[in-house]
Protein chains: 2
Amino acid sequence: MDRPTPPHSPRPDLPPNAPTAAELEAAAARIAPHAHRTPVLTSRTFDGWSGASLFFKCENLQRVGAFKFRGACNAVFALDEATAARGVATHSSGNHAQALALAAKLRGIAAHVVMPTDAPAAKRAAVEGYGARIVNCAPTLEAREATLAEVVAATGATEVHPYDDPRVVAGQATATLELLEEVPELDVVLAPVGGGGLISGACLAVAARGARAEVVGAEPALADDAAEGLRRGERLAPRPPKTIADGLRTALGPLSFGVLAHHGVRIETVDEETIAATTRLVWERMKIVVEPSAAVPVAVALRPGAFAGRRVGVLLSGGNLDLDRLPWHNAGAARSSTR
Amino acid sequence: MDRPTPPHSPRPDLPPNAPTAAELEAAAARIAPHAHRTPVLTSRTFDGWSGASLFFKCENLQRVGAFKFRGACNAVFALDEATAARGVATHSSGNHAQALALAAKLRGIAAHVVMPTDAPAAKRAAVEGYGARIVNCAPTLEAREATLAEVVAATGATEVHPYDDPRVVAGQATATLELLEEVPELDVVLAPVGGGGLISGACLAVAARGARAEVVGAEPALADDAAEGLRRGERLAPRPPKTIADGLRTALGPLSFGVLAHHGVRIETVDEETIAATTRLVWERMKIVVEPSAAVPVAVALRPGAFAGRRVGVLLSGGNLDLDRLPWHNAGAARSSTR
């Protein structure tokens, strides 16, 4: 429950490249023709357990099955014609790759996605299904970055980073803008923390709208670089990629770290067993499919008494996972592999 | 694709106990304070595959996880005070039992649910969780009916049948009333067929609102009593309970059979493998949890060319199932057990 900076120490300034309120509103208008305005669902059961009023923003129902489409779409459609014509590129094997592929397809430009040779076949197929070109590389971060640099040099494509990019953060912020419009007088916005695009967007959206909501982060205990880094006041490297919340294995980038530090955001951590059990609870009680990463803020919301009597918006980040490997069947394996 | 009655033969009259248009509208008003107005979702992927415009009425997001709450709620709240005070009763181990238990709890009256001793513990716990009294009986239909008669004699409770009851059918019809309000100019309403409460309600709702939509039924091939019975013009007994779409194992009742025969409803059948695969597709592409029974009309909607260019409402009946036994893992077992 520690705040990252004691009350007497001044908070750092916003990073100079943080998107402005006007850029957030422009992003909302830019993506409106392409992105879903996702529904906000409620659950009497979860309200009863938590004593809070919970409002779930269902980005699992977003196109591509994740909020990532918002940021990719804003980045792609913000490019001028000449730049866009040379295409976009990224290295990712997750939701961002699919999101960028779809956004590029909608604009009618090329997308180059650098993927390690050991990426799952299903993810490759999904990216190819949206018409992107996959460029293979060895399964190391160095190989990914070198290969991406080659692709950019050869094609003139614009790199769209999954979170360390103001256009992407402005796009992710639109989820919170919509939530604030749909649910007045929120006391809290709970967001998962991986690379930090969604939660830094939430901070900026709350500030842009002058809302009173406190933004609280939720992070796997096995990937607690943000909780620990914000406490220490320094950006940390990612933890070993062990958590079943695979969307949250990345560490904060400079932009997201700077936004969260400026806003003094508090981060709560969640253990693997609780992530798995909460994923199942959401499926069972809300009848929606969420990936483990999306269950992390739900687990925080359901902590007895933590938000009693408060109105809490919960950003459900996505719903992409392997339906043959249920998280609550694999959590034990994931846990034991970390010991 | 056969119509149940040839064009030259007159269709039978509506059963005299079929609820009227006014009773449907009264049901909508009666349950409004208690039931969710469930969202209508769309899927670009499914629209692309089918060539149709599909509108999914998400009764899996209804209270209790199924449309059954509508009928039970209308039946319970339609009782006069003196009758209600003596409670309600049913024999069911499925969604109707939970629905009746919750409706009775909301009205503050007793619910007696007769259940066979071999009913799954999870279902017993769910019914008890809503405060109903479970009365055990031997696992035969005779024992169920005899035990229910005893309960009714001893308590004066009103029996609420899961589908052969005009108040229940009027309640189920409200799902289609809402769908017609939400989506103008529907060409087709696709509904699953078990006991027939939901689909007979759909027929009556379309007629009550003067809508042009054709109501089409979807039934497991392993439980095709409605398809075959309507073709022959006689109500058939239920098939052996083999289909994984366990909500659709029951046969039509006199009321639902009469309504469907009067409206000349066409019923399409779906094999087990397709039901399982379609259940998975809905989870994977729409990110919502549906039970196999709800996937049956989706499978019909996705038949190539079947509804191309038409606007089709699909009633997703519910989302209750055992999350440790995925339908697409068990379909093979279910199939082989029928051979």
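Mentor: Let's begin at the place where the chains meet: 24 residues from chain B and 24 residues from chain A make up the contact. Keep in mind that this is a predicted model.

Trainee: How much area is buried between chain B and chain A?

Mentor: The general idea is that an interface's size is often quoted as the accessible area lost when the parts come together. Here about 1,900 Å² is buried between chain B and chain A, with carbon and sulfur atoms giving 56% of that. On the chain B side, the residues that lose the most area to chain A are B:Arg44, B:Lys287 and B:Leu323, together 35% of what that side buries.

Trainee: What about charges? How many salt bridges are there between chain B and chain A?

Mentor: Two salt bridges run between chain B and chain A. Take A:Asp324 and B:Arg280, which form a salt bridge whose closest N and O atoms are 2.9 Å apart. Polar contacts get their own tally: twelve residue pairs between chain B and chain A, both residues at pLDDT 80 or more.

Trainee: Which elements give two or more residues to the side of chain B that touches chain A?

Mentor: Those are helix H12 (272-286) and helix H14 (327-337) of chain B. H12(B) gives the most, with four residues. By residue type, that side of chain B splits into ten nonpolar, seven polar and seven charged.

Trainee: And how do I read the symmetry? What rotation superposes chain B on chain A?

Mentor: A rotation of 180° with 0.0 Å of shift along its axis puts chain B on chain A, at an RMSD of 0.0 Å. The two copies are therefore related as by a two-fold rotation axis. In chain B, the residue that comes closest to that axis is B:Ile288, with its C-alpha at 2.0 Å. Also, 100% of the interface residues of chain B are interface residues in chain A too, so the copies meet through the same surface.

Trainee: Where should I look for a salt bridge inside one chain?

Mentor: There are 44 salt bridges over all chains. One of them joins the side chains of A:Asp187 and A:Arg212, at 2.7 Å from N to O. A:Asp187 lies in the loop between helix H8 (166-182) and strand S7 (188-192) of chain A, and A:Arg212 in the loop between helix H9 (197-208) and strand S8 (214-220) of chain A, 25 residues apart.

How values were computed: Residues numbered from 1 in each chain as written. Chains lettered and ligands numbered in written order. Predicted model: local features only at pLDDT ≥ 70, side-chain atom pairs only at ≥ 80, totals over all residues. Heavy atoms only, no water. Contact = heavy atoms within 4.5 Å. Buried area = accessible area lost by both parts, 1.4 Å probe. Salt bridge = Lys/Arg side-chain N within 4 Å of Asp/Glu carboxyl O. Polar contact = N/O pair within 3.5 Å; in protein donor to acceptor, adjacent residues only side chain to side chain. Nonpolar A, V, L, I, M, F, W, Y, C, P; charged D, E, K, R; others polar. Least-squares fit on C-alpha atoms with pLDDT ≥ 70 in both.
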